[in-house]
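Hi there,

Here is the structure I promised to pass on to you. Have a look at it first, and then read my notes below.

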Amino acid sequence: MAWQGMAAEFLQVPAVTRAYTAACVLTTAAVLEILSPFQLYFNPHLVFQKFQVWRLFTNFLFFGPMGFSFFFNMLFVFRYCRMLEEGSFRGRTADFVFMFLFGGVLMILLGLLGSLFFLGQALMAMLVYVWSRRSPQVRVNFFGLLTFQAPFLPWAILGISLLLGNSILVDLLGIAVGHIYYFLEDVFPNQPGGKRLLLTPHFLKLLLDTPEEDPNYLPLPEERPGTHLPPPQQ
């Protein structure tokens, strides 16, 4: 019964958060039994010359072996991905997916300069950064140790990575990409002469968003609430 309750609760999570979190957990579980990290990491030679295109995606799904670092990252991925999807991206699934795609492409291009092979932690840092900039007045309780305003959260996570002995280059990459997205989406359009440069492709909106109702549509009489057709005459 406990598993059924957890499954029911998980199904209440928004679709993008649910799909990405599940993919990360399943990928890590597969590495324990079936796959090797060498089959997942980003390698431009293998992608573009050996056509192992799955590496463009799998490098965002593996957060290392099961352990404190993995659960730490999964906690932040699930929490802040969900808060974004239920908050500023509510009803805008296509825009949310486009943010993932924009961030992923930019991270891969910039990651080439630093020879970064797994970028899931950078994607997590981007999600946290965008949420923190859109929630500047929220106070965050960081594991009961510190309380601070939301914009300081990405830097607190970077500090934890440093204490764990991880490379902070990945976190800095995620913060940088998150700032680029935030500037292009939230800051520049509101400047004099500014405009939105990140336009979600129309096909994504058709595929993922609920169609908007036409305000000029007049329903047929039988479709109107409380309207009943007269009984057929005998």
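Which helix gives the most to the lining of the largest pocket? The answer is H6, with six residues. Before I go further, a word on where this comes from. This is a predicted model, in which local features need pLDDT of at least 70 and side-chain atom pairs count only at pLDDT 80 or more, while totals for chains, interfaces and linings use all residues. Residues are numbered from 1 along each chain as its sequence is written, and side-chain values use heavy atoms, with hydrogens and water left out.

**The overall picture**

The protein has ten helices and two strands. Here helices (H or I, at least four residues) and strands (E, at least two) are DSSP runs, numbered from the N terminus. Starting at that end, the order is α-α-α-α-α-α-α-β-β-α-α-α.

Of the 234 residues in the protein, 40% are buried. Buried means under 20% relative accessible area, exposed means over 50%, and partly exposed is in between (1.4 Å probe, protein chains only). The accessible surface is about 14400 Å², and 67% of that belongs to carbon and sulfur atoms. Those areas come from the Shrake-Rupley method with a 1.4 Å probe; for residues, only the protein chains shown count as cover.

Contact means heavy atoms within 4.5 Å. Among contacts between residues at least 6 apart in sequence, 63% join residues at least 24 apart.

**The nonpolar core**

In soluble globular proteins, nonpolar side chains tend to be buried together. A nonpolar core is a set of buried Ala, Val, Leu, Ile, Met, Phe, Trp, Tyr and Cys residues joined through side-chain atoms within 4.5 Å. The largest one here has 52 residues, and those that touch the most other members are Tyr20, Phe76, Phe96, Met99, Phe100, Met107 and Leu153. Elements giving two or more residues to this core include helix H2 (15–33), helix H5 (68–86), H6 and helix H7 (120–134). H6 has the largest share of this core, ten residues.

Leaving aside its neighbours within four places in sequence, Phe100 is in contact with Val16, Tyr20, Cys81, Leu123 and Leu127.

**The pockets**

Now back to the pockets. On a 1 Å grid over the protein atoms alone, a pocket is an open set of points with protein on both sides within 12 Å along at least five of seven lines, whereas a cavity is a set of points where a 1.4 Å probe fits but cannot get out; lining residues have an atom within 4 Å of a point. Grid points are joined across faces, edges and corners, and a volume is the space filled by probe spheres set on the points.

The largest pocket holds about 420 Å³ of space. It is lined by 14 residues, and the closest to its centre are Phe57, Phe60, Phe100, Leu101 and Leu123. At least two lining residues come from each of H2, H4 and H6. What classes do the lining residues fall into? There are 13 nonpolar, one polar and no charged residues. For these classes, Ala, Val, Leu, Ile, Met, Phe, Trp, Tyr, Cys and Pro count as nonpolar, Asp, Glu, Lys and Arg as charged, and the others, Gly among them, as polar.

The second largest pocket has a volume of about 350 Å³. Of its 15 lining residues, Phe62, Phe63, Phe118, Gln121 and Val170 are the closest to its centre. Its lining divides into eight nonpolar, seven polar and no charged residues.

Is each buried or exposed? Phe57 counts as exposed because its relative accessible area is 56%, while Thr58 counts as buried because its value is 13%. Leaving aside neighbours within four places in sequence, Thr58 is in contact with Gln39 and Leu40.

Enjoy exploring!

Best wishes
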